[in-house]
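Okay, thanks everyone, I'll keep this short. Have a look at the model on the screen, and then I'll walk you through some side-chain pairs.

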Amino acid sequence: MLGLTENRYEFGDFVWRFNSPTWDYSTATYDRTAAAFENPDFVPIVIGNYRWRLGLAPAEHLYTAIERRLQAGPAIGVPTITVDGRYDPFTPAGNGSAYRAKFTGKYDHRVLDVGHNVPQEDPRGFTQAVVDADHL
């Protein structure tokens with residue numbers, strides 16, 4: 001926790017560069033997001049989330065019932081386009097088949113030539129997917 005507390009700006013920048021290796025974002029763009037890292041809850045939330053996601057910390061018992069409902073999730077019936085970033089190191093781009101069962105309406109999947117932060121890296125492609133979903 002101390003490393004993230006003392007180096008939150010630098011660590012965040014490292015994560016952005018790793019997750020989106022082809023995105024040439026400006027310092028001003030990064031700084032607008034990095035301002036949120038100064039929130040006193042930032043470090044405990046980030047550390048807690050990763051510990052929970054990796055199975056190193058228990059879930060919050062208060063939210064167990066809600067979590068179960070979210071995991072079960074109803075099928076989504078509205079027209080949908082899912083989007084992957086081709087260069088996202090955490091979610092390898094696919095053909096959408098991993099998501100398909102969650103959607104009962106008309107469906108399409110797109111892979112954009114970006115990393116993890118699709119809406120910021122390719123706002124036109126992302127916006128086009130939203131517009132096109134309305135026309136499915």
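So, a salt bridge here is a side-chain nitrogen of Lys or Arg within 4 Å of a carboxyl oxygen of Asp or Glu. Keep in mind that this is a predicted model. By that rule we get 4 salt bridges.

Take Asp-13 and Arg-17: their side chains meet in one, at 3.2 Å from N to O. Both sit in helix 2, 4 residues apart, or about one turn of the helix. Arg-17 is partly exposed, at 46% relative accessible area.

Next up is Arg-86 with Asp-113, a salt bridge at 2.4 Å, N to O. Arg-86 is in the loop between strand 1 and helix 6, and Asp-113 is in the loop between strand 2 and helix 7, so this pair ties together parts that are 27 residues apart in sequence. Arg-86 comes out as partly exposed, with 43% relative accessibility.

Then there's Asp-132 and Arg-110, whose closest N and O atoms are 2.8 Å apart. That pair links distant parts of the chain, with Asp-132 in helix 8 and Arg-110 in strand 2, 22 residues apart. Asp-132 is partly exposed at 23%, and Arg-110 is also listed as partly exposed at 23%.

Thr-82 lies in strand 1, and because its relative accessible area is 11%, it counts as buried. Its side chain makes a polar contact of 2.5 Å with the side chain of Tyr-107, and another of 2.6 Å with that of His-109.

Last topic, the rings. There are 12 aromatic pairs in the structure. One of them is Tyr-9 with Tyr-30, edge-to-face, at 4.9 Å centre to centre and 80° between the planes. That one links distant parts of the chain: Tyr-9 is in helix 2 and Tyr-30 in helix 3, 21 residues apart. Is Tyr-30 buried or exposed? Buried, at 2% relative accessibility, while Tyr-9 is partly exposed at 33%.

Phe-11 and Phe-14 have ring centres 6.4 Å apart and planes at 35°, so that pair is tilted. They're both in helix 2, 3 residues apart. Finally, Tyr-9 and Tyr-30 belong to one aromatic cluster whose members include Trp-16, Trp-23 and Phe-42.

Key:
Residues numbered from 1 in each chain as written. Predicted model: local features only at pLDDT ≥ 70, side-chain atom pairs only at ≥ 80, totals over all residues. Heavy atoms only, no water. Phe/Tyr/Trp six-rings, centres within 6.5 Å; stacked < 30°, edge-to-face > 60°. Helix = DSSP H or I, 4+ residues; strand = E, 2+ residues; numbered from the N terminus. Buried < 20%, exposed > 50% of the residue type's maximum accessible area, 1.4 Å probe, protein only. Polar contact = N/O pair within 3.5 Å; in protein donor to acceptor, adjacent residues only side chain to side chain.
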